[in-house]
Amino acid sequence: MRICKKNIRLQDFTIMYFTAIAALMVILVASYQGPTNAVEVSDLKINPSGPLPPLPMPFRMSLDPRGDVQLSWNISYANQEVYIQLTVADIKHGMVFGMSDRGELTNADLVVLWDSGTNSYFGDAWSDSEGHVSLDSQQDYELLDAKHKPDGFHLLFKRPFSTCDPRDYLIEEGTVHVIYGFLEEPLASLEQLNLSRIHTGMQTVLMLRPDTLPPILPPDVRTLDVLSPNVIIPHQETTYWCYIQKLPENMPKNHIVMYESVITPGNEAIVHHMEVFECSADKGDVPEYSGSCDDKMKPNKLDFCRHVLAAWAMGAEAFYYPPDAGLPLGGPSSSRFLRLEVHYHNPLIISGRRDSSGIRLYYTPSLRRYDAGIMELGLVYTPIMAVPPKQNSFYLSGYCTSECTQTALPSGGIYIFASQLHTHLAGQGVRTVLVRAGKELEVVQEDKHFSTHYQTIRVLRKMTNVLPGDVLITKCTYNTEDRSKPTLGGFGIMDEMCVNYVHYYPRTKLELCKSHVDLGYLQKYFNFINRFHGDDHCVCDVDVTEQYSKLQWDAFSGEVLDSLYNTAPISMHCNQSSARLFPGEWDKKPVPVVTSILDKPRYPCEGGAPPTSKPPTPQV
């Protein structure tokens, strides 16, 4: 009897055990089911919402240092969409691609390809402040194609410039910080992914480019290669290499009509950006040199080679001048010496790699109607202008006043067709606007995500006509949260600049149109702040650099300095190409009064700006 009861209990236990196992299997299977918002790659049927872009894509670059991940893209301004193709030489269990304000892995807009071990999925996602990834409730990336080819795995998708989703990145003109990563293991759920735990990288790129066709080159075009002389790339992460090249003897005046990069095969992921400068003609011969730009033993005359002829950054295509204009090269009034500067970015510390990269100039002896010119806008290189420490966003503005343009520009004005923005390490954004009759008329160039490590000459989608009497204002944004001392204006990399080198035609004698705050009013600021902090000692006989360093910096000091820069009179540098001021009175000029009408909401969507509070986590 006891045995019978024991057998009954054993049967009950066996039934309960297998029931629990079955329930557990149901839960596990459910957890491995595909997310409802994502696209299962195996079920993909190519039926895009619009026509596919022509292949190959016109814009391309390597994302990783080895060149194993290639990014290429195309733009449709008509549909306000960007088409993106990723080619991965060796993909395992998926990858991550995305964009963030400054290349951070946190609070990033992402698209993820992943597999669960049985199926592969594609979906729009985002990362939170700790790098945890979640699928977005609003899917704005449209998968167009995914397949293996002989050169690797190809992933093609598209996305609107603006999605009206506060978790998505707004794609606009200027620098875009692209992030990428690789999945080494399957993911049962995307919520298991944290970007801090996978291999990732970051790259900067100009995503939006002009959609105009390049001009046809003249039949008598010639080329001049300005190349590194078989340099052994240094065994370190960052190198700026300088090389002096001499132009042919008695070279007559020509017009540069185009230039493009020449990259040594295999070094596409290491050569980050390059510039060609013309040396100052009045400095005579420049000694031969090939070495680090930071070498203290380099010839002093290299510092006088600052006139930009060409600039290229990774991902940039060939640069063309307008059909009616060309940049002068050669001739009796120009220097015979050029300086090539190459930035090598070698994060893998590859050794023994040789490089002969540089820039190829296309020029013609058949001079075009107009000489193109380059004009400096913004702030004068001076320690008079400074950024306080511990600032999240501090603004400095440089002015090209109506008096200067009225004095120096021809009656028909000039046409700006390209520009090169420039700050040093603390710079976060640059904007130049055209002001006419006291009102902002148009934005000449703007980059809200500017990086000093990504500087190239950017062709404008529409030329800007600047007339006599117009005002040009260049405003820079700085972040000094990691600095305990003030950052002064100057030439050093830890100093700061705020410059826009605008390329225009017809060329005038005006080469520099910049400003700084009036020194007398700055001295009043020092005296006021020192007295406010209980120091009545006069510091009038101490130079500006020392006065800034001795100042007691707090929130009040920074706010008063900001107010001073925005209201105090300015000193203008309205300089001719000979470095002489145009005739006139240029000191203690009032800051131009401007009505701002160009500011647009970051999310130009129906319903206005995104919510200021953190939106709720979407339920998948």
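1. Let me start at Cys305. Leaving aside residues up to four places away in sequence, Cys305 touches Ile244, Phe277, Glu278, Cys279, Val286 and Arg339 (a contact means heavy atoms within 4.5 Å). Cys305 sits in the loop between β18 and β19. Strands here are DSSP runs of E with at least two residues, helices are runs of H or I with at least four residues, and both are numbered from the N terminus.

2. A word on the source before going on. This is a predicted model, in which local features need pLDDT of at least 70 and side-chain atom pairs count only at pLDDT 80 or more, while totals for chains, interfaces and linings use all residues. Residues are numbered from 1 along each chain as its sequence is written, and side-chain values use heavy atoms, with hydrogens and water left out.

3. One of the contacts of Cys305 is also its disulfide partner: Cys279 and Cys305 are joined with their sulfur atoms 2.0 Å apart (a disulfide is a pair of cysteine sulfur atoms within 2.5 Å). The link of Cys279 and Cys305 is right-handed, with 90° about the S-S bond. It connects distant parts of the chain, with Cys279 in the loop between β17 (271–278) and β18 (290–292), and Cys305 in the loop between β18 and β19 (307–313). The two cysteines are 26 residues apart in sequence, yet their C-alpha atoms are 3.6 Å apart in space.

4. The cut-offs are under 20% relative accessible area for buried and over 50% for exposed, with partly exposed in between (1.4 Å probe, protein chains only).

5. The structure holds five disulfides, and two others deserve a look. A disulfide joins Cys400 to Cys513, with 2.0 Å from S to S. The link of Cys400 and Cys513 is right-handed, with 90° about the S-S bond. Cys400 lies in strand β28 and Cys513 in strand β36 (residues 510–517), distant parts of the chain 113 residues apart. Both Cys400 and Cys513 are buried.

6. The other is the disulfide of Cys404 and Cys574, whose sulfur atoms are 2.0 Å apart. The torsion about the S-S bond of Cys404 and Cys574 is about 85°, so this disulfide is right-handed. Here the distant parts of the chain are helix α2 (residues 402–408), which holds Cys404, and strand β37 (residues 570–576), which holds Cys574; the two residues are 170 apart. Cys404 counts as buried, with a relative accessibility of 0%, and Cys574 is buried with a relative accessible area of 0%.

7. How many bridges join β30 to β31? Seven bridges do, between the antiparallel strands β30 (residues 427–436) and β31. Val435 stands opposite Glu440 in β31.

8. Now the rings: the structure holds 20 aromatic pairs. Rings of Phe, Tyr and Trp (its six-membered ring) pair if their centres lie within 6.5 Å; planes under 30 degrees apart count as stacked, over 60 as edge-to-face and the rest as tilted. The rings of Phe59 and Trp73 have centres 5.6 Å apart and planes at 40°, so this pair is tilted. Phe59 is in strand β2 (residues 59–62) and Trp73 in strand β3 (residues 69–76), 14 residues apart, and both are buried. Elsewhere, ring pairs link Tyr259, Phe319, Tyr321, Tyr370, Tyr415, Phe417 and Tyr505 into a cluster.

9. Finally, the chain as a whole. The protein chain has five helices and 37 strands, and buried residues make up 51% of its 620 residues. Of the contacts with a separation of 6 or more, 77% are between residues 24 or more positions apart. The chain exposes about 29500 Å², with carbon and sulfur atoms supplying 53% of it (areas come from the Shrake-Rupley method with a 1.4 Å probe; for residues, only the protein chains shown count as cover).

Definitions and conventions: Pairing = 2+ DSSP bridges.
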